[in-house]
Amino acid sequence: EIVTLLGKRYQNQLNRLKQSRSEDAFQVYMNSLAELYDPHTSYLSPASSENFNINMSLKLEGIGAVLQSEYEYTKVVRLVPAGPADKQGRLKPSDRIVAVAQGKDGEFQDVVGMRLDEVVELIRGPKDSVVRLEVIPVSAKTDDEHQVINIVRNTVKLEEQSAQKQIIEVMDNDRLIKVGVIDIPAFYVDFEAMRRGDADYKSTTRDVQKLLTE
């Protein structure tokens, strides 16, 4: 069994290598060059820059599903709570996406064997637009069993990555002590909102200040 499993893993790595683009090579080269002069300077390709801005602002426009590559398929890992896919209710973790179509009448594009970032790019899109996913449900008995799911895109807030607070109560010699804990999963700031001058733009500093006040 391990021979078959390792064979699939090695083939998967080779497939990813073959999917590399000149943009990927340029990013590696530019990062190597930048690090020669300054360990804190790096180059982001357009795709990496978009993902960086999403991670920093903790929001995006899409369906709210975390995806990963599994052999030739794009697999749903989990759904963002209260996101469009979660609210729609039909897409489930471990479903495999085999095709994506834009709008209610767009033609399906086969995504089996496609790079994960390219599949993500097809699924993301403007708020209130429709994306159609053809999936192999996790409950399917065979890979021939497909279903089509229509999801209206919306703004997805990645709240689980923002600062959170909790109060822990502990007893010390019959005395109740309350300990406040602030968890910061990631550092973030909505650069675009900050540049616009929004009074309530989201950032780690501002959120921690609110939590401390509370």
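Let's start with L36, which sits in helix α2, residues 22–37. Helices here are DSSP runs of H or I, at least four residues, and strands are E runs of at least two, numbered from the N terminus. This is a predicted model: local features need pLDDT of at least 70, side-chain atom pairs count only at pLDDT 80 or more, and totals for chains, interfaces and linings use all residues. Residues are numbered from 1 along each chain as its sequence is written, and side-chain values use heavy atoms, without hydrogens and water.

Now the helix itself. α2 has 16 residues and spans 23 Å from first C-alpha to last. That is close to the 22 Å expected at 1.5 Å a residue, the expected span being 1.5 Å times one less than the number of residues.

Which residues of α2 are buried? Q27, N31 and A34. Buried means under 20% relative accessible area, exposed over 50%, partly exposed in between (1.4 Å probe, protein chains only). The cover over those buried residues includes α3, 46–57; contact means heavy atoms within 4.5 Å.

Turn to the other side. The face away from the buried side carries exposed S22, V28, Y29 and L36. L36 counts as exposed because its relative accessibility is 67%.

Last stop: D105. D105 lies in the loop between β4 (96–102) and β5 (109–110). At 75% relative accessibility, D105 counts as exposed. D105 and V130 are 25 residues apart in sequence, and 9.7 Å apart in space, C-alpha to C-alpha.
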